[in-house]
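Subject: Model handover

Hi,

Here is the model we talked about. Please look it over, then read my notes below.

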Amino acid sequence: MTSDLRTEAVPDAGMGLVACPVCDVLHRDAELAVGARARCRRCGTLLFAPRRSAMTQIVMLAATASVLMVAAVFFPFLELQAGGLSRQSSVFDAVMAFSKGMMLPLSVAVGALIVVLPFARLCAIAYALAPMVFGWAPPAHAAPAMRWAEAMRPWAMAEIFITGVAVALVKVAGLAKVTAGPAFWAFAALVLVTVLKDNLMCKFTIWKTLEERRPS
Amino acid sequence: MQVHDMENAGRTQTFLTARRAGLVACRGCGAVHAKGVGACRRCGGTLSSRDAGSLQRVWAWLFAGLIAYVPANLYPMLVTTTFGKTRESTIVGGVIELVEHGSWGVAAIVFAASVVIPIGKFITIAYLALSTRIPVTIRGHGRQRLYEIVEFIGRWSMIDVFVVAILSALVQLNFVVTVNPGIAAVSFALSVAFTMLSAQNVDPRLLWDAYEADDT
């Protein structure tokens with residue numbers, strides 16, 4: 001059953017209610033069993049999906065992903081060999097591809113999209129939620145950190161970059177031999193771990209937990 | 001207040017929204033507040049019942065994206081130098097090359113990401129923005145599906161910029177062959193970013209309000 005949340009009465013301050021972020025329909029904010037899912041009655045948007053020890057898993061996955069990110073940036077990413085010539089390049093080289101002349105701002109943007117923002121998001125999430133794993137109160141500025149991580153979600157494009165690598169590999173496959181270095185696998189693993197973490201994260205449940213544990 | 005069941009969720013049904021109840025909901029965390037409250041008590045985000053200026057920003061970013069998309073197609077995306085001979089290829093030119101090489105799959109991916117998706121996005125966002133003003137035929141759930149698709153898929157257009165970055169970083173074999181980015185990469189990246197901002201500014205609650213209004 002999904003529709004455990006129903007509107008019955010509307011208290012003045014809106015306490016005990018939750019509104020669908022997509023269509024604004026009010027629902028009664030009831031305690032959900034672990035593993036249950038609550039969807040909006042009108043538009044079907046997933047509102048709550050609490051899981052057992054979700055916080056621990058999210059923090060562990062965020063920590064794993066940030067370690068992988070460090071490996072992905074500094075180890076050799078791809079190696080190209082053709083007719084005795086070879087060229088090794090790292091993720092950093094891909095970022096710096098636009099650094100000549102007037103395209104420099106694009107280098108900065110690419111660096112932000114594929115490395116800086118994904119990494120900063122992981123750090124923000126780990127910072128805000130790690131104390132919760134031990135049952136402590138949320139750290140100072142946990143709310144702005146979480147809000148920022150949510151706002152930056154569409155701009156963290158690590159998974160799009162790795163798909164771009166696949167496309168680029170097919171493009172040069174006829175031209176030369178390409179070998180994937182350790183950073184390539186680190187990056188691929190990072191994308192998987194990040195997707196897993198984002199799927200585990202139930203935004204509304206996290207916000208409720210942060211609010212409940214906040215020292216008043 | 002009447003309670004509705006999922007089973008009769010039909011076209012003519014009126015749902016109790018936070019706005020109709022005289023409340024304001026937070027889109028970030030779902031918390032519901034009394035009208036006039038400025039910041040969310042749970043997550044600290046800014047509250048607004050309906051984002052009044054959102055449509056203006058949607059149109060502004062959409063036109064910016066549309067304008068940036070023109071040079072993105074006219075100027076070269078990739079500059080390939082083979083034994084001193086320089087060849088420039090545009091987005092569509094690159095797709096045609098791939099087809100000539102027989103890589104139909106990759107050609108399809110690149111064509112979808114850099115031509116079909118951007119143009120489809122321009123049309124869809126314009127359609128959704130118009131649907132808040134004039135009655136349109138697609139029903140509420142259909143409109144929401146369109147909105148979700150545009151939000152989800154828009155960032156994937158950036159793949160073309162990443163492919164250019166990887167190729168430019170990797171294919172640098174001195175005099176034999178070098179690949180460098182063309183100026184179109186900048187305008188294409190800008191176009192994608194502007195359309196992402198346009199899509200993010202769509203307040204989906206306005207889509208549902210308009211759908212309700214169409215109905216009566």
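First, a term: helices (H or I, at least four residues) and strands (E, at least two) are DSSP runs, numbered from the N terminus. This is a predicted model, in which local features need pLDDT of at least 70, side-chain atom pairs count only at pLDDT 80 or more, and totals for chains, interfaces and linings use all residues; side-chain values use heavy atoms, with hydrogens and water left out. Residues are numbered from 1 along each chain as its sequence is written, while chains are lettered from A and ligands numbered from 1 in the order in which they are written.

**Chain B overall**

From the N terminus on, chain B runs β-β-α-β-β-α-α-α-α-β-β-α-α. That makes seven helices and six strands. The radius of gyration of chain B is 23 Å, well over the 17 Å that the globule rule gives for 216 residues, so chain B is more spread out than a compact globule. (The radius is taken over C-alpha atoms; the rule is 2.2 Å times the number of residues to the power 0.38.) Along its principal axes, the C-alpha trace of chain B spans about 75 × 35 × 25 Å.

Of the 216 residues in chain B, 50% count as buried. Buried means under 20% relative accessible area, exposed means over 50%, and partly exposed is in between (1.4 Å probe, protein chains only). Contact means heavy atoms within 4.5 Å. Among contacts in chain B with a separation of 6 or more, 63% join residues 24 or more positions apart.

The accessible surface of chain B is about 9,900 Å², with 64% belonging to carbon and sulfur atoms. Areas come from the Shrake-Rupley method with a 1.4 Å probe; for residues, only the protein chains shown count as cover. Chain B carries 18 positive and 14 negative charges, and their mean positions are 6 Å apart. Lys and Arg count as positive, Asp and Glu as negative; His and the chain ends are not counted. A charge is placed at NZ of Lys, CZ of Arg, CG of Asp or CD of Glu.

**Chain A overall**

Chain A has seven helices and seven strands. Their order along the sequence is β-β-β-β-α-β-β-α-α-α-α-β-α-α. With a radius of gyration of 22 Å, well over the 17 Å from the globule rule for 216 residues, chain A is more spread out than a compact globule. Its C-alpha atoms fill a box of roughly 75 × 35 × 35 Å along the principal axes.

Buried residues make up 50% of the 216 in chain A. Of the contacts in chain A with a separation of 6 or more, 62% are between residues 24 or more positions apart. The accessible surface of chain A comes to about 9,800 Å², and carbon and sulfur atoms account for 66% of it. There are 20 positive and 13 negative side chains in chain A, with the centres of the two sets 6 Å apart.

Start with α2(B), residues 91-101. Its buried residues are I91(B), G94(B), V95(B) and L98(B). Seen down the helix axis, they fall within an arc of 100°, so they line one face of α2(B). The arc is that of the directions from the helix axis to the C-beta atoms. Cover for these residues includes α5 (158-173) of chain A. From chain B, the cover includes α1 (54-74), β4 (85-89), α3 (104-131), α5 (159-170) and α6 (184-200). G102(B) follows α2(B) and has a positive phi, near 90°.

Now α7(A), residues 203-213. Here F204(A), I206(A), W207(A), K208(A), T209(A) and L210(A) are buried. They pack against β1 (17-19), β4, α1, α3 (104-133) and α4 (142-151) of chain A.

**Single residues**

A129(B) sits in helix α3 of chain B. It is buried, at 5% relative accessible area. Leaving out residues up to four places away in sequence, A129(B) touches L55(B), V58(B) and W59(B). A129(B) and D203(B) are 74 residues apart in sequence and 9.6 Å apart in space, C-alpha to C-alpha.

Please check two backbone angles. S53(A) is not a glycine, yet has a positive phi of about 45°. It lies in the loop between β4 (46-48) and α1 (54-74) of chain A. At 41% relative accessibility, S53(A) is partly exposed. F83(B), also not a glycine, has a positive phi of about 45°. Its place is the loop between β3 (78-82) and β4 of chain B. F83(B) is exposed, with a relative accessible area of 65%.

Best wishes
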